[in-house]
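Let's take a look at a protein chain together. Have the sequence and the 3D view handy as you read.

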Amino acid sequence: MTAVHVERAHHINVPGSTRSMADHPLFQRPGALLSGYADSDGGAAENYPAARRVHASTIKLPVWHREQDLPFVNAYAAR
């Protein structure tokens, strides 16, 4: 984290905070949230190479949607 700040980055991605749909726990075990799917599983993540390919080639941008996020928006826009 210190190295990130030395390089003047103030926001970083949390590793594992995003993943392909095939790797997402809700896809793997939908019954945990959706009781109608208690006996279902998403299958092996390896069976969905397109989902992994899309995830590996996609960049993540911040999404600000609250009033208190405006200082971040203005700071990024000013750079």
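Where does Ser20 lie? Ser20 sits in the loop between α1 and α2.

## Before we start

This is a predicted model, in which local features need pLDDT of at least 70, side-chain atom pairs count only at pLDDT 80 or more, and totals for chains, interfaces and linings use all residues. Residues are numbered from 1 along each chain as its sequence is written, and side-chain values use heavy atoms, with hydrogens and water left out.

## The whole chain

The protein chain has four helices and zero strands, giving the pattern α-α-α-α along the sequence. Here, helices are DSSP runs of H or I with at least four residues, strands are runs of E with at least two, and numbering goes from the N terminus.

Of the chain's 79 residues, 8% count as buried. Buried means under 20% relative accessible area, exposed means over 50%, and partly exposed is in between (1.4 Å probe, protein chains only).

Met21 is found in the loop between α1 (2–6) and α2 (25–28). With a relative accessible area of 59%, Met21 is exposed. The C-alpha atoms of Met21 and Ala45 are separated by 8.6 Å, with the two residues 24 apart along the chain.
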